[in-house]
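Q: I'd like to learn how to read a structure like this one, step by step. Can you walk me through it?

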Amino acid sequence: MAEFSKDTKIGELIDQFPESAPILMEIGMHCLPASQMETLEEAAMVHGIDCGLLVEKINAAAKAMGK
């Protein structure tokens, strides 16, 4: 299973776990194609959310799907 971190780039995340797109869109990140080089930490900061919670949610979803 891949373990994602605050330093994971959005492009890498989408490539490895495309099912994470709805999670990112849920936080208001509707510009996924334009943010491929942004890290999860940068995305969380821009959207005013807790990065740790975002990473935790993504990793939990990936684990639940066996990724």
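**Reading the fold**

A: Let's begin with contacts, meaning heavy atoms within 4.5 Å. Of the contacts in the chain with a separation of 6 or more, 61% are made by residues 24 or more positions apart. Keep in mind that this is a predicted model, where local features need pLDDT of at least 70 and side-chain atom pairs count only at pLDDT 80 or more, while totals for chains, interfaces and linings use all residues. Residues are numbered from 1 along each chain as its sequence is written, and side-chain values use heavy atoms, with hydrogens and water left out.

Q: How many helices and strands does the secondary structure come to?

A: Helices (H or I, at least four residues) and strands (E, at least two) are DSSP runs, numbered from the N terminus. Here you get four helices and zero strands, so the pattern along the sequence reads α-α-α-α.

Q: What radius of gyration does the chain have, against that of a compact globule?

A: The radius is taken over C-alpha atoms, and the globule rule is 2.2 Å times the number of residues to the power 0.38. For 67 residues the rule gives a value near 11 Å, and the chain has 10 Å, which agrees. Along the principal axes, the C-alpha atoms fill a box of roughly 30 × 20 × 20 Å.

Q: Which residues of the largest nonpolar core touch the most other members?

A: The general idea: in soluble globular proteins, nonpolar side chains tend to be buried together. Buried means under 20% relative accessible area, exposed over 50%, and partly exposed in between (1.4 Å probe, protein chains only). A nonpolar core is then a set of buried Ala, Val, Leu, Ile, Met, Phe, Trp, Tyr and Cys residues joined through side-chain atoms within 4.5 Å. The largest one here has 17 residues, and Ile10, Leu13, Leu24, Leu40, Leu54 and Ile58 touch the most other members. Two or more residues come from each of α1, α2, α3 (40–46) and α4 (51–64), with α4 giving the most, five residues. Leaving out residues up to four places away in sequence, Leu40 touches residues including Ile10, Leu13, Leu24, Leu54 and Ile58.

Q: What caps the N-terminal end of α4, and what follows the helix?

A: Asp50 is the cap, with a side-chain oxygen 2.8 Å from the backbone nitrogen of Gly52. After α4 comes Gly66, whose phi is positive, near 75 degrees.

Q: Is Ser20 buried or exposed?

A: Ser20 counts as buried, because its relative accessibility is 0%. Ser20 is in the loop between α1 (10–16) and α2 (21–26), and beyond its neighbours within four places in sequence it contacts Leu13 and Ile14. Compare Ser5, in the segment before α1: at a relative accessible area of 31%, Ser5 is partly exposed. Ser5 touches Leu40 and Val55, not counting residues up to four places away in sequence.

Methods. A polar contact is a pair of N or O atoms within 3.5 Å; within protein, one must be able to donate a hydrogen and the other to accept it, and residues adjacent in sequence count only if both atoms are side-chain atoms.
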